[in-house]
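Visitor: I have a model open and a few quick questions. Can you walk me through it?

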Amino acid sequence: MPTFGSFALLLALALSAYTLLAGGIALRQIAVGARSRVAPERLAETARRAGIGTFAATTAAAVALVWCAFTNNFSVAYILHHSNRALPGPYKFAALWSGQEGSLLLWAWLLAAYGFVLRLRHKVDVKLTAYASTILAGVQVFFLLLLNFAAMPFSLVSGPVPADGFGLNPLLQYPEMVIHPPMLYLGYVGFAVPFAFALGALMMRYPGEKWIHITRRWTMVTWLFLTCGIFLGMHWAYAVLGWGGYWGWDPVENASLMPWLTGTAFLHSVMMQEKRGMMKSWNVWLIFATFMLAIFGTLLTRSGLVSSVHAFAQSPIGTWFWVFLILVMSVCLFTYILQRDHLKADNKLESLVSRESSFLFNNLVLLAACFTILWGTLFPILSEYVVGNKVTVSAPFYNRVAVPIGLFLLFLTAIGPLLAWRSSSFRSIRKNFVMPVIAAGVMGIVVIAAGVHPWEIFTTTHQGSFYAFVAYCLAALVVTAISSEFMRGAAVISRNTGQNLFASMVQLTRRNTRRYGGYIVHFGVVVIFIGISGQAFNQTQEQEMALHQSVHIGPYQVECEGYSQDTNPNFDTEYALLNVYRDGELVTKMAPERRFYNASQQPLTVVSNHSTLAWDLYIIYAGKNPDTGQPIIRLFLNPLVAWIWIGVAIIVFGTAVALVPNMTAAAAASRVHAHAEAEAVTVQGGD
Amino acid sequence: MRGVARTGRVFAICLVAVLAMGASSNAARFDDIGHKLMCTCGCGQVLLQCNHLGCPSLSRETAELQSDLANGQSDNAILIAFQNEYGPTVLAAPMFTKFNMIAWIMPPLLLLLGIAGTVMLVRRWRLRAAGMPPVEPDPEIEKMREKIRKETEE
């Protein structure tokens with residue numbers, strides 16, 4: 001099987017290299033009008049088919065690696081280091097992406113899968129798809145070169161083959177770890193598609209905004225995958241790492257956030273190009289930057305450039321990524337310089353107080369947030385280079401610098417929908433802003449009455465209360481602004497149709513899914529901000545607990561009912577049984593544990609969490625006092641954490657709504673289709 | 001005039017009372033400074049977030065922090081003492097000194113420059129647009145824009 005896998009990877013490389021070369025030659029011949037023995041159209045078609053073949057070959061390689069994991073083939077070095085016999089089946093599957101070589105294979109496979117879909121749907125726009133397919137093949141060649149020559153997943157162990165493997169890192173033996181990396185990679189890799197279309201459209205001087213229209217759904221789906229990947233990672237960190245938080249501003253976390261920020265900026269600014277023909281250069285560079293940041297993130301994770309708690313070990317493939325990144329940057333820059341006259345804007349901004357300018361500022365703030373994170377991530381290297389001292393840039397830096405930027409972004413989320421395109425009059429601004437501002441004021445009073453003291457920022461170094469206060473006020477501002485948008489439209493429909501307000505809102509959303517789906521996503525973002533701001537009021541305690549001893553935290557009384565230990569082939573475990581009371585009544589039983597994995601000889605904390613809308617009671621088995629044999633329990637009371645996960649669900653729902661075609665447009669499309677069928681006219685695909 | 005002075009006095013008393021409500025105790029300072037320091041065991045985590053069982057660095061550093069607080073040292077003095085003992089990487093964020101100042105200044109500076117630049121750009125566009133003849137619209141592109149307008153607006 002390792003030989004088959006290696007062969008499949010070589011074949012994939014040959015096929016993708018053919019797609020790149022034949023596609024490039026064909027497109028060049030078409031562009032200059034040159035003819036040869038083989039018509040360029042036919043050559044391009046062979047390139048497209050080779051691209052489809054790349055998917056088949058890469059799939060075969062990925063299957064071969066998973067097969068090796070399931071059959072405990074420890075002659076393969078990768079399997080030896082990332083699996084063992086007692087490892088449960090789903091984690092053997094996850095071994096595909098739990099190490100350097102496997103995760104690069106997953107990258108290559110997902111890229112091939114995206115390419116496969118793109119090449120199957122080539123009739124959407126044959127020429128533009130041919131350009132995009134060739135560019136994607138270039139990216140594919142890079143990853144397959146890596147897999148064939150620098151990070152080979154099918155390398156064999158030298159000497160005798162061990163009877164069992166070293167096992168999977170215990171931190172990765174968690175159900176979410178089976179979904180989190182593929183989601184993140186789907187996001188990273190997915191941005192290659194709009195990147196390829198943007199670069200292709202620029203190369204061929206494609207007229208208008210059709211490339212954006214074609215890639216809109218690609219970009220949204222990709223963005224959704226990246227969003228889900230980031231939040232699954234947060235949830236995994238919260239549930240597994242056992243330090244009581246979900247985001248540590250680790251370089252690897254930052255690496256995933258940077259392309260998300262530029263991707264979000266792109267999703268907003270393309271609307272200006274679609275509607276007003278503006279920001280063409282900006283959009284092209286935003287998607288270029290997003291793709292390059294996805295590559296840069298992969299470079300950060302794998303090169304050992306920065307210290308991180310969960311980066312892959314330092315390896316020589318960093319040089320490969322640098323070369324690729326410089327190459328991509330050069331191609332983008334060269335193409336842009338050659339074709340920049342094609343990107344002249346059709347319109348200019350007419351007023352600072354308009355929807356367009358709110359998008360512009362939104363982009364500016366998103367990019368400032370991205371720069372802050374990039375700057376914070378790379379500053380230790382810069383500091384070491386300039387003054388010879390490596391410094392740490394961690395949570396306190398980002399809390400002070402990035403949080404205000406995030407709050408400014410929340411403010412823009414509120415005002416954007418209330419401004420009209422082109423220009424807003426003072427009268428309309430006053431009319432639209434009265435209710436949201438009143439709601440924000442009322443929220444401010446309620447929050448202070450509830451015991452939040454924003455003035456603490458002036459008396460202590462604790463900024464949490466102030467930021468939380470601002471976040472709650474802005475949340476009220478945004479929610480009222482969004483609600484008033486829904487209510488205004490729904491009231492009109494309700495008046496005209498006699499439907500109740502809720503049914504009218506549903507109809508309103510179905511008539512314009514992109515706009516109202518977008519508002520739902522904004523609502524989800526607000527809910528996440530509310531959840532994150534709860535962090536300002538976290539409480540924590542640590543106590544060694546004797547049998548039937550109790551500890552109080554917030555409204556809960558936690559009593560130790562017992563403690564014990566257990567063993568199975570995969571791990572040994574110690575755990576405590578805790579009864580949780582509130583107002584004297586038993587609420588739940590919790591059992592935090594600490595495992596010791598036999599194969600990898602590594603410990604793991606298994607957190608026990610009782611989550612409610614108000615707060616999470618998050619308990620860790622910190623260890624056992626060797627003198628008394630009693631468990632040491634660490635308790636956290638983390639307010640509003642559940643809101644973060646609810647917010648993500650709302651974002652997923654909102655994006656799904658935005659992806660659905662408008663009701664009227666769909667009805668019109670079906671009528672057109674029926675008419676076309678009647679006249680026996682072939683209707684070709686579109687987005 | 002007397003009314004204004006009285007209102008001013010009441011305001012000042014309220015302000016002092018409000019500010020005093022947030023005065024920090026040693027426990028709050030321990031929590032605050034403990035989150036500004038890194039654990040030196042190599043876990044890469046903030047000191048009070050290190051969850052390693054029996055971590056020697058955690059217990060040593062927290063004991064030192066508690067002792068410094070008990071001795072009445074200021075927050076800044078404690079941070080400098082830790083930096084001198086463990087090196088600059090023990091601080092979870094660079095201090096406002098010399099080269100490190102750049103770390104703090106760059107992001108807000110860039111944002112402010114960006115905002116100023118955008119405002120100037122929009123003003124320039126407006127002036128230029130006022131003096132230019134209207135662009136002849138391309139019917140194909142306008143048709144697509146109309147479709148998009150319908151999709152994104154009522």
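**Chat notes**

Guide: Starting at the N terminus, the elements of chain B run α-α-α-α-α-α. This is a predicted model, in which local features need pLDDT of at least 70, side-chain atom pairs count only at pLDDT 80 or more, and totals for chains, interfaces and linings use all residues. Residues are numbered from 1 along each chain as its sequence is written, chains are lettered from A and ligands numbered from 1 in the order in which they are written, and side-chain values use heavy atoms, with hydrogens and water left out.

Visitor: How many helices and strands in chain B?

Guide: Chain B has 6 helices and 0 strands. Helices (H or I, at least four residues) and strands (E, at least two) are DSSP runs, numbered from the N terminus.

Visitor: And what percentage of chain B counts as buried?

Guide: Of its 154 residues, 32% count as buried in chain B. Buried means under 20% relative accessible area, exposed over 50%, and partly exposed in between (1.4 Å probe, protein chains only).

Visitor: Switching to chain A. At what angle do H9(A) and H20(A) pack?

Guide: Helix H9 (residues 210-241) and helix H20 (residues 641-659) of chain A pack at about 165°, with their axes 11 Å apart. Axes are lines fitted to C-alpha atoms, for helices over the stretch in contact, and angles run from 0 to 180 degrees between N-to-C directions.

Visitor: Roughly parallel or antiparallel, then?

Guide: H9(A) and H20(A) are therefore roughly antiparallel. Angles under 35 degrees count as roughly parallel, over 145 as roughly antiparallel, 65 to 115 as roughly perpendicular and the rest as oblique.

Visitor: What about Asp583(A), where is that?

Guide: Asp583(A) is in the loop between strand E4 (571-582) and strand E5 (585-590) of chain A. Asp583(A) is not a glycine, yet has a positive phi of about 50°. At 74% relative accessible area, Asp583(A) is exposed.

Visitor: You mentioned E5. Is Lys589(A) buried or exposed?

Guide: Lys589(A) lies in strand E5 of chain A and counts as exposed, at 53% relative accessibility. Between Lys589(A) and Ala14(A) there are 575 residues in sequence and 58 Å in space, C-alpha to C-alpha.
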